[in-house]
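We will go from stop to stop, selecting a few residues each time.

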Amino acid sequence: PIWANRKDLGSQCGFLCVGTDAKLLGGEAAPCCPISWHSRRCPRAARSLGSAETQAATQAQGEMEFTRLLWREVQTGGYDDRDIDGEISMVPGCLIIDAKGVYDAIHRNESAALSMSDKRSAVEGLALRESLVPQRGERLGRPHQGRSPGAAAAAQVPGEQRLAHHL
């Protein structure tokens, strides 16, 4: 996401959803197959870069959940629509972001507002954190630290590296 970069001073949000090998979550290079992508104006006005990044991460998480449910249907020929979260959790997924502030807020902070000054972004970040917590009651953690295969997690690319180097 880029904050206030458009002629109308709006912010651009974007993400890329790929299918890949689990080796990527361990820090190894892995082939990626693009499934979907999005790059357009953020759905609401962003008052800061953190706000734009939170909106983009939330959109990416929603797309990942849809893609995981679709993959579950392809694998099994259907799914139990009374247990959508359980069905989604059967397909591994990881939200990889290069926004350290958003990662820190959803991963490490326990305050009600995630230490975000923009309260709308804080609410969105809380919803994002809740959607990333696996149904087994585990807390968020790095995806390569012995997490169950169905768990969704958020990972942050180290600051000295670029996301493209991992794809």
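**Stop 1: the disulfide.** Select Cys13 and Cys42. A disulfide joins them, with 2.0 Å from S to S. The term stands for a pair of cysteine sulfur atoms within 2.5 Å. A search of the whole structure finds one disulfide. Cys13 sits in strand β1 (residues 12-20), while Cys42 is in the loop between β2 (32-41) and α1 (49-76), so the pair ties together parts that are 29 residues apart in sequence. Look along the S-S bond of Cys13 and Cys42: its torsion is about 90°, so the disulfide is right-handed. Are Cys13 and Cys42 buried or exposed? Both are buried. Buried means under 20% relative accessible area, exposed means over 50%, and partly exposed lies in between (1.4 Å probe, protein chains only).

Now select Cys33. It takes part in no disulfide; the nearest cysteine sulfur, that of Cys32, is 8.9 Å away. Cys33 is partly exposed, at 48% relative accessible area. Select Cys94 next. Cys94 counts as buried, at 17% relative accessibility.

**A note on the model.** This is a predicted model: local features need pLDDT of at least 70, side-chain atom pairs count only at pLDDT 80 or more, and totals for chains, interfaces and linings use all residues. Residues are numbered from 1 along each chain as its sequence is written, and side-chain values use heavy atoms, with hydrogens and water left out.

**Stop 2: the whole chain.** Zoom out and colour by secondary structure. The protein chain has five helices and four strands. Along the sequence, the pattern is β-β-α-α-β-α-α-β-α. Helices (H or I, at least four residues) and strands (E, at least two) are DSSP runs, numbered from the N terminus. The chain has 167 residues, and 41% of them count as buried. The protein chain exposes about 9,700 Å², and carbon and sulfur atoms supply 54% of it. Accessible areas come from the Shrake-Rupley method with a 1.4 Å probe; for residues, only the protein chains shown count as cover.

**Stop 3: two packed helices.** Select α1 and helix α4 (residues 119-132). Two packed helices are described by the angle between their axes and the distance between the axes. What is the angle between α1 and α4? It is about 30°, with the axes 10 Å apart. Axes are lines fitted to C-alpha atoms, for helices over the stretch in contact, and angles run from 0 to 180 degrees between N-to-C directions. α1 and α4 are therefore roughly parallel (angles under 35 degrees). Show side chains where the helices meet. Among the α1 residues here are Ser51, Thr54 and Gln61; on the α4 side, they include Ser121, Leu128 and Leu132. Contact means heavy atoms within 4.5 Å.

**Stop 4: helix α3.** Select residues 100-107, which form helix α3. Six of its eight residues are buried, so α3 is largely enclosed by the rest of the structure. The buried ones are Val102, Tyr103, Asp104, Ala105, Ile106 and His107. Pick His107. It counts as buried, at 18% relative accessibility. His107 and Arg129 are 22 residues apart in sequence and 7.3 Å apart in space, C-alpha to C-alpha.

**Last stop: Ala99.** Select Ala99, in the loop between β3 (93-97) and α3. Ala99 is buried, with a relative accessible area of 6%. From Ala99 to Thr54 is 45 residues in sequence and 8.6 Å in space, C-alpha to C-alpha.

Technical notes
Angles under 35 degrees count as roughly parallel, over 145 as roughly antiparallel, 65 to 115 as roughly perpendicular and the rest as oblique.
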